[in-house]
Amino acid sequence: MTISVDDGHPSDLRVADLLSKYGLSATFYAPARNPEQPVLSRSDLQRLSQQFELGGHTLNHVALNSLSSERVWREITEGKDWLENCSGKPVHSFCYPMGKFGKRTLALVKKAGFLGARTCQLNRHDFPTDPFAWGVSTQAHNHSRMVQVRHAFLEANYQGALNFVFIYKLSTDWATHFRYALDHVQTRGGVAHLYLHSWEIDERGDWQKLESVFRGIAQATDLQRVTNGELFALWSARRGTGEPVALASKNLFPSTSEASGKSVPVQSSKLLQSDPDDGL
């Protein structure tokens, strides 16, 4: 199973604390700027990268399908360079802002050197045919049945629509929805993928609910917990051999702390001491 946290909002630090508390890994997708929301500073991201994976989310958090190819390329590559400069580590994973992408965008993300890219297509737990169109199981946000079905058909996510009915039982509560994903993956295999926006968790006062879900994940000891980058690397390994790949027990991209055998706790009290000029 894997967890994604989108948009690089300052409240991502609270998510990081909860993840650290339960020994969970995650990928944080962070832009340098966001016209709609505040973002984490460079120093915050550098500290975050000591324990978690950082993923590309463009430079300015813009919908790529509405831009020229030249502008799309700049957003993708400059966002990647910016994150790598922040963390001092390579960035392997990409997430399409607002879930907007097409064949042109997909090809440019691949050309930029990412291993794979995550979409916002829901109710998925399978290895995709293309690692640059990777779906998710659950968003940590309650969606009505009409919204679920409408988005599935708008995105041509027909398998997701079927899964919503037969596997996710038309659930509109996100915690219950993700429990179905975990149950299915534990019995049938695949990938349970939860993604969230910390600012939405904060707006709805869902912190206790999120912690409860994280606690449940931590107790599922038969699930291998990986970052998005590790997941994308597994896809590449399977493609290279032509055989299904079992999730490896070791991290494919160990952090400095993992390499030294030490854990690095993420404390909000320290991470929130950011430079207001950073990340602008």
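Predicted model: local features only at pLDDT ≥ 70, side-chain atom pairs only at ≥ 80, totals over all residues.

Q: Why are helix 5 and helix 6 called roughly antiparallel?
A: Helix 5 (residues 145-154) and helix 6 (residues 158-166) pack at an angle of about 155°. Angles over 145 degrees count as roughly antiparallel, so this pair gets that label. Their axes sit 7 Å apart, and helix 5 goes past helix 6 in a left-handed crossing.

Q: Which residues make the contact between helix 5 and helix 6?
A: Helix 5 brings Arg145, Gln148, Val149, Ala152 and Phe153, while helix 6 brings Tyr158, Ala161 and Phe164. Sorted by class, that's six nonpolar, one polar and one charged.

Q: What makes helix 1 and helix 9 roughly parallel?
A: The axes of helix 1 (residues 12-21) and helix 9 (residues 207-219) cross at roughly 30°. The label covers angles under 35 degrees, so the two helices are roughly parallel. Their axes come within 10 Å, and the crossing is right-handed.

Q: What residue classes turn up where helix 1 meets helix 9?
A: On the helix 1 side you have Arg14, Val15, Leu18, Leu19 and Lys21, and on the helix 9 side Trp207, Leu210, Glu211 and Phe214. The tally is six nonpolar, no polar and three charged. Asp, Glu, Lys and Arg count as charged, so Arg14, Lys21 and Glu211 fall in that class.

Q: How do you know that helix 7 and helix 9 are roughly parallel?
A: Check the angle again: their axes cross at roughly 10°. With under 35 degrees as the cut-off, the pair is therefore roughly parallel. The axes come within 11 Å.

Q: Which residues meet there?
A: Trp174, Ala175, Phe178 and Leu182 of helix 7 meet Lys209, Leu210, Val213 and Ile217 of helix 9. That contact has seven nonpolar, no polar and one charged residues.

Q: How many cavities of 30 Å³ or more are there?
A: The count is one. About 50 Å³ of space lies in the largest cavity.

Q: What makes a residue part of the lining of the largest cavity?
A: A lining residue has an atom within 4 Å of a cavity point. Leu122, Thr138, Gln139, His141, His143, Gln148, Ser171, Thr172, Trp174 and His177 are the ones lining the largest cavity. Strand 6 (138-139) and helix 7 (174-188) each supply at least two of the lining residues.

Q: How many polar residues does that lining have?
A: Eight are polar, alongside two nonpolar and no charged ones. Leu and Trp count as nonpolar, so Leu122 and Trp174 are the nonpolar pair.

Methods. Residues numbered from 1 in each chain as written. Heavy atoms only, no water. 1 Å grid on protein atoms, 1.4 Å probe; cavity = no way out; pocket = protein on both sides within 12 Å on 5 of 7 lines; lining within 4 Å. Points joined across faces, edges and corners; volume = space filled by probe spheres on them. Helix = DSSP H or I, 4+ residues; strand = E, 2+ residues; numbered from the N terminus. Axes fitted to C-alpha atoms, helices over the stretch in contact; angles between N-to-C directions. Parallel < 35°, antiparallel > 145°, perpendicular 65-115°, else oblique. Left-handed = near helix turned anticlockwise from the far one by under 90°. Contact = heavy atoms within 4.5 Å.
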